[in-house]
Amino acid sequence: MSYSAVGPDPSAPAGDRRRNAVTLLLVLGMAVALAVRIVVSPMLMDRMVTYTEEGGAFYEKLHFGTYLIFLMLPLALFSQPFGLKGEEIGRFKALLWYCLAILALVVVLFVSGRPGSSVFLIDTYLVAGAAGLIVLALGRDARRLLAEFVLLILIVSAVIGIGEALTQRRLLPYDLVELTFRPLGLSEHPLALGALCATAVGFVALTQWRIWVRVAAIFVLFVGCAASGARFALLLTIAEILVLLVFLPWPRLSQRQARRAKALVLLATLVGGTIMIGLLAGTGLLSRFGDTLFDENFYARLTVYQVFSMVGWQELLFGMPPADLLALVNEKLNLPFIESAQVVIGLTFGIPLALVFTWIFGWIMLRLLRGAPLAAWIGTATFVLAALSNNTLSAKQPMMTIIFVLLLALAIPRQNVGQD
């Protein structure tokens, strides 16, 4: 069974019109939920509730967008019948098992006295599974529409970030003090802006937009990533664009024609990219590349691993409260933050539970990528590499929800392409 994602068809039977109207309302509701989860930053949340600060009620630790997505889940699953075909059935089952596994981890952490870590799992990982179930239930047209809406938010975020870099003024509040100005766009941190731009590039290539629209979108995302000052994300974006150009198949061309066309486009991209990098450097958007990648921030990400030698076997096996871990890093290593998901997850979950979590994360990502087009693998690999360079995977961020929606909507397994 399939539903229209654009509204009721007057010529359709009354039952179909009602189903299409319900689907349209669900799509609009999910779009609002995703927009709130992506755009409302933790610092905005902290102005209304005790979201990231110590203290406060348990319910204040969950994002408003998380509540909206959880509210949409029963509405999407039970307000009308939905049909799944082929690989969609396997993906739906995998998401159910993933949500149950994350829920089990939440219970274990909560019972063991680490509610802070359990809230993080709900707000980052469980909500991503719920969003995945919703978009699967809404049908292929609706999920593609939602994915394009998410990409549009990321493109707008890049545009805002570019404007912020040029005007030296931010749109959203940002309380952290930095030595140099870095834009946020619609994200919660400059590094998050860079990671979101880098991730979006691969999935823009999977859309059905006109080729010039995709090229323009990738160009904007590239400049937005450069403006963010996220150096590693920018290098990943450059590599991602080159890999997409070289390895993606070009339809309606013979192998010989495709090779010639790719060579010409690659040459033009390298020349144009060199010119563009010069222009970006001239406008100051590449100021953070004045130093090498191996600067104070790089060594801080290596230094933080010393904390593993500063805790006892009980903390290594059973974990410790996130506040205690941060206090230890502040006091012993003189680092204000922990820019490493591996350290946070390893020492707040405990090594055994962290390994279980890592297996769950790797399993669901590979499961969602099974049979997916190459561009989806490239975009996801870019996301994972960018996320592992900071604390994206251990913070209450919307990145996992975004990647789940994009994978389920745009990374359509090849055997499912063309099915209605």
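This is a predicted model: local features need pLDDT of at least 70, side-chain atom pairs count only at pLDDT 80 or more; totals for chains, interfaces and linings use all residues.
Let's start with the idea behind them. Side chains of opposite charge can pair when their charged atoms come close. Here, a pair counts if a side-chain nitrogen of Lys or Arg sits within 4 Å of a carboxyl oxygen of Asp or Glu. By that rule, the model has five salt bridges.

Look at D123 and R37, whose side chains meet in one of these, with 3.7 Å from N to O. D123 belongs to helix α5 (residues 115-138) and R37 to helix α1 (residues 14-39), so their pairing ties together parts that are 86 residues apart in sequence. Both D123 and R37 are buried.

Now move over to E87, which pairs with R367; their closest N and O atoms are 2.4 Å apart. You'll find E87 in helix α4 (residues 87-111) and R367 in helix α15 (residues 351-369), so this bridge connects parts that are 280 residues apart in sequence. E87 counts as buried, at 10% relative accessibility. R367 is buried as well, with a relative accessible area of 12%.

E87 has another partner: R370 forms a salt bridge with E87, and here the closest N and O atoms are 3.6 Å apart. R370 lies in the loop between α15 and α16 (374-388) while E87 is in helix α4, so the pair ties together parts that are 283 residues apart in sequence. With a relative accessible area of 45%, R370 is partly exposed.

Notes:
Residues are numbered from 1 along each chain as its sequence is written. Side-chain values use heavy atoms; hydrogens and water are left out. Helices (H or I, at least four residues) and strands (E, at least two) are DSSP runs, numbered from the N terminus. Buried means under 20% relative accessible area, exposed over 50%, partly exposed in between (1.4 Å probe, protein chains only).
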